[in-house]
Amino acid sequence: MAWTIILCVIVLAIAYIFFNYFRIRRMKEGTREMVEMAGIIRSGASTFLKTEYKTIAVVVILVAAVFTLFVERTSGVTFLLGACMSSCVCILGMRSATYANVRTANRARETLSIGETVKVALCGGSISGLSVQAFGMLGLILVLIIWRGVDIDAVGSGLIANLECNPSIMRISTYSLGCSLVAMFNRVAGGNYTKAADISSDILAKLRHDMPEDDSRVPNVVADFIGDNVNDIAGNCSDLLESFVATMAAAIMIAVTIFNGAVSSGNTAITSATFNATCVFPIVLAGGGLLGCLLGLGYASVRKMGDNPSRELNLATWISAGLTVVIGFFAALIVFKNVPLYESFRLGWISPWLSSVLGIVSGIAIGSITEYYTSTDFKPTRKLAEIATEGEAFVITKGDAIGSRSCLLPVLVIGIALFLSGKLCGTYGIALSSLGMLAFVGATVSIDAFGPIADNAGGLAESCHLPENVRAITDKLDAVGNTTAAIGKGFAIGSAAFATVSLIVAYVSNYTSVNAEPVLNIASFVVIAGGIIGGALIEYFSALLTDNTIESARLMADEGDRQLSVPGVLEGRVRPDYNRCIEMAAKQALKKMLLPSVLALLIPIAGGFLFGVEFVGGLLVGATIVAIPRALFMGNSGGAFDNAKKYIESGSLEGHGKGSAAHKAAVTGDTVGDTRKDVVGVALDIFIKTMSTVANTLASVFSHFTLFK
């Protein structure tokens with residue numbers, strides 16, 4: 001019965017997604033120049049994804065074959081299913097965004113109404129957001145339905161190897177890993193693409209030639225527009241889908257562990273009904289969240305919007321979160337009210353619901369904290385803009401201080417929520433707290449996707465020479481979009497922290513004997529060694545991504561300079577060779593995505609086979625402890641740099657507008673921040689999630705095959 005209801009909600013969501021998709025397609029694109037430029041962006045983004053997926057497909061097929069042959073014979077199929085679901089969401093989100101951007105600009109041109117323009121951008125964003133939640137749930141439910149739920153007593157093995165494992169757990173974890181692998185490739189490749197294009201475009205336009213940011217004479221500008229779609233849309237969709245799926249998978253794996261522990265300890269009160277309830281509730285909670293997002297976003301699409309875009313977007317989020325809380329309450333009442341409960345459920349049937357609410361509240365809190373440190377409405381970013389009058393060194397130093405200061409409160413929120421949820425509901429509560437934060441991910445990704453759509457709309461308005469009153473509207477949406485994107489990055493990092501912690505708990509449970517308590521001995525020299533190395537790997541990974549991006553940006557800036565030196569290009573009489581820069585960005589991104597992505601797969605595998613399960617546990621803990629504040633620092637300092645530049649460009653800093661020394665200093669800060677927030681910060685969270693998912697998938701194998709025991 002529960003699966004039927006949830007499938008109906010998923011089908012309803014998918015129907016609404018395609019309704020919005022075709023609704024966007026039917027809207028007018030605008031002038032001939034807008035149609036032409038939008039076509040180039042759409043074609044470039046599609047070409048990049050097609051090329052990228054040729055590489056991804058090879059890796060995915062090879063990994064699936066390894067699982068089927070050597071681990072569990074059906075796990076290769078579920079791995080492929082996860083990769084396919086993630087890919088579908090990326091492609092659908094990216095396609096909808098490349099249709100929505102030009103239509104957003106055109107709606108501003110036709111109506112000169114902020115409210116009407118916001119609706120178009122939000123409609124495009126909702127396709128991405130709801131796809132993440134609907135397709136992520138659809139794949140997992142198909143796994144559970146096809147293989148008839150979770151069988152805790154089943155034993156499986158590969159077609160060749162005889163490595164005994166629980167096939168139910170293996171299918172769930174490999175489905176999650178399929179999502180994770182695609183997300184890793186998309187984040188690394190998309191981040192390199194978009195920031196190489198963006199940084200080189202900024203350097204050429206603002207620092208070398210005193211031109212507007214999105215001037216169509218700059219050869220790199222179209223590659224920059226494309227990058228917003230392949231990273232901030234496609235990459236973000238796959239990232240949040242992976243977090244969402246990983247938390248549901250972790251909750252189910254922990255449900256298996258606590259049931260086995262209760263049975264082995266002789267607790268006869270606990271029955272299979274208890275086990276079924278703990279497996280069903282995470283899916284029901286996620287389904288309730290999806291319904292809440294549908295209603296919240298649907299309400300936002302039909303109501304009359306005013307001239308305050310932030311308020312309208314926040315309202316959609318609050319409605320979605322509020323409905324998720326209410327639906328989750330009744331779900332917990334129905335699922336847990338009449339079944340025997342574990343002793344760890346301190347407050348009875350309401351404990352799982354309270355744990356999920358802690359996650360929901362944490363998600364909203366982290367978003368609000370991120371907004372405070374990155375929005376031009378608050379003191380930190382305004383102070384950063386004001387100090388730009390003193391020069392680049394002051395901007396960079398102040399931005400670093402803002403980034404460091406912004407780490408404490410989100411980490412404190414995460415720590416307190418994890419502590420309280422664990423006290424309320426044990427390890428199962430930790431997984432539910434993680435899932436609660438992501439239960440309304442459809443709304444948060446929709447609002448986040450609003451940012452790059454609005455950014456592209458503003459760029460199209462400038463590059464297609466639309467009137468100033470149109471650009472005033474798109475500039476306002478762009479500024480709001482910068483804040484929503486920064487909030488989205490904070491939410492992505494926070495959700496990654498929750499997801500990774502729940503995966504680590506599930507990992508330790510997976511290799512612990514049935515009659516033993518899952519414990520990772522932090523005082524063990526093996527665990528400490530893994531922790532130190534895990535922390536160092538985060539720093540190495542950050543440097544690797546930064547070097548790759550800066551090298552690509554340097555090559556693209558030199559190519560842009562070469563084209564601007566061609567007679568007629570700088571004067572606007574000759575159109576630059578956009579395709580040359582698009583091809584260069586794609587080539588560099590694809591060339592540099594393989595090593596970081598493969599590292600995330602191989603590091604836990606090598607650690608497990610060489611040094612054992614405890615070493616990998618330490619590796620995951622060390623990497624997570626370093627990555628969370630590092631990612632927050634990168635995302636928030638980068639967001640503050642970006643919006644400080646926008647604050648000056650809007651004329652809010654009296655006497656220091658576009659082209660001033662303060663503006664150029666802020667542009668330098670923004671160039672530094674670009675790699676931080678859109679490459680390193682967003683890739684760190686997927687790096688730790690991917691390692692944790694790989695470790696979970698192979699935990700039972702590591703426990704039997706270790707070289708140095």
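A polar contact is a pair of N or O atoms within 3.5 Å; within protein, one atom must be able to donate a hydrogen and the other to accept it, and residues adjacent in sequence count only if both atoms are side-chain atoms. The structure is a predicted model, in which local features need pLDDT of at least 70 and side-chain atom pairs count only at pLDDT 80 or more, while totals for chains, interfaces and linings use all residues. Residues are numbered from 1 along each chain as its sequence is written, and side-chain values use heavy atoms, with hydrogens and water left out.

The chain contains 18 helices and 0 strands. Both are DSSP runs numbered from the N terminus (helices: H or I, at least four residues; strands: E, at least two). The C-alpha trace spans about 80 × 55 × 45 Å along its principal axes. The radius of gyration, taken over C-alpha atoms, is compared with a globule rule of 2.2 Å times the number of residues to the power 0.38. For 709 residues a compact globule would come near 27 Å, so the 24 Å of the chain agrees.

Buried residues make up 64% of the 709 residues. Here buried means under 20% relative accessible area, exposed means over 50%, and partly exposed lies in between (1.4 Å probe, protein chains only). The chain exposes about 24,300 Å², of which carbon and sulfur atoms supply 63%. These areas come from the Shrake-Rupley method with a 1.4 Å probe; for residues, only the protein chains shown count as cover. A contact requires heavy atoms within 4.5 Å. Among contacts with a separation of 6 or more, 85% join residues 24 or more positions apart.

Charge was also examined. The mean positions of the 52 positive and 54 negative charges are 4 Å apart. Lys and Arg count as positive, Asp and Glu as negative; His and the chain ends are not counted. Each charge is placed at NZ of Lys, CZ of Arg, CG of Asp or CD of Glu.

Gln133 sits in helix 4. Its relative accessibility is 0%, so Gln133 counts as buried. The side chain of Gln133 reaches the backbone oxygen of Ala286 at 3.2 Å. Beyond residues up to four places away in sequence, Gln133 touches Phe244, Gly289, Leu290 and Cys293, among others, as well as Ala286 itself. Its partners also include Leu438, Ala439, Phe440, Val441 and Gly442.

Ser502 belongs to helix 14 (residues 468-511). It too counts as buried, because its relative accessibility is 0%. The side chain of Ser502 lies 2.7 Å from the backbone oxygen of Ala499. With neighbours within four places in sequence left aside, Ser502 is in contact with Thr247, Ala250, Ile254, Ile430, Ala431 and Ser434.

Arg554 is located in helix 15 (residues 525-564). Its relative accessibility is 43%, so Arg554 counts as partly exposed. A polar contact of 2.8 Å links its side chain to that of Glu551. Arg554 and Asn521 are 33 residues apart along the chain, and their C-alpha atoms are separated by 46 Å.

Backbone angles draw attention to two loop residues. Most residues other than glycine have a negative phi. Arg148, not a glycine, has a positive phi of about 55°. Arg148 lies in the loop between helix 4 (114-146) and helix 5 (167-208), and is exposed at 78% relative accessible area. His465 likewise has a positive phi, of about 60°. The loop that holds His465 runs between helix 13 (441-463) and helix 14. His465 is exposed, with a relative accessible area of 53%.
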